[in-house]
Amino acid sequence: MATDEPTPPPVRQRRVERGWSQPVLAKRCRAAGVKVHHSQISKIERGLHVPRPALRRVLCELLDMRSADFDPPAETAVAREEVAP
């Protein structure tokens, strides 16, 4: 059964596996040249925010992820299209 909630990317799982808190991950992103606040990391982990390309690239490097991990599932994209006027 489909839900209206977005499927979050595996950011939290990868972060926790490394023993990092959200503020630590945000600090590592800043060290890599991308400003981000830990509250934004929280939104990304919950699937409420899709990171811009620069942040996406840094997160992929730090967390050993693929850029496609941040893309919404196909059924979510279709549902959004159906809602649009």
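**Close-up 1. The side chains of Gln22 and Glu45 meet in a polar contact of 2.7 Å.** Welcome to this predicted model. Gln22 is found in helix α2, while Glu45 has its place in helix α3, which covers residues 38-45. Setting aside residues up to four places away in sequence, Gln22 touches Arg15, His38, Ile41, Ser42 and Glu45.

**Close-up 2. Glu45 also pairs with Arg15.** Here the side chains of Glu45 and Arg15 are joined by a polar contact of 2.5 Å. Is Glu45 buried or exposed? Glu45 counts as buried, because its relative accessibility is 7%, and the cut-off for buried is under 20%.

**Close-up 3. Helix α2 packs against helix α4.** Now follow helix α2 (residues 22-31) to where it packs with helix α4 (residues 53-63). Their axes lie 10 Å apart, at an angle of about 115°, so α2 is roughly perpendicular to α4. The crossing in which α2 passes α4 is right-handed.

**Close-up 4. Residues from both helices make the contact of α2 with α4.** From α2 come Leu25, Arg28 and Cys29. From α4 come Leu55, Val58, Leu59, Leu62 and Leu63. What kinds of residues form the contact of α2 with α4? Seven are nonpolar, one is charged and none is polar.

Conventions. Residues numbered from 1 in each chain as written. Predicted model: local features only at pLDDT ≥ 70, side-chain atom pairs only at ≥ 80, totals over all residues. Heavy atoms only, no water. Axes fitted to C-alpha atoms, helices over the stretch in contact; angles between N-to-C directions. Helix = DSSP H or I, 4+ residues; strand = E, 2+ residues; numbered from the N terminus. Parallel < 35°, antiparallel > 145°, perpendicular 65-115°, else oblique. Left-handed = near helix turned anticlockwise from the far one by under 90°. Contact = heavy atoms within 4.5 Å. Nonpolar A, V, L, I, M, F, W, Y, C, P; charged D, E, K, R; others polar. Buried < 20%, exposed > 50% of the residue type's maximum accessible area, 1.4 Å probe, protein only. Polar contact = N/O pair within 3.5 Å; in protein donor to acceptor, adjacent residues only side chain to side chain.
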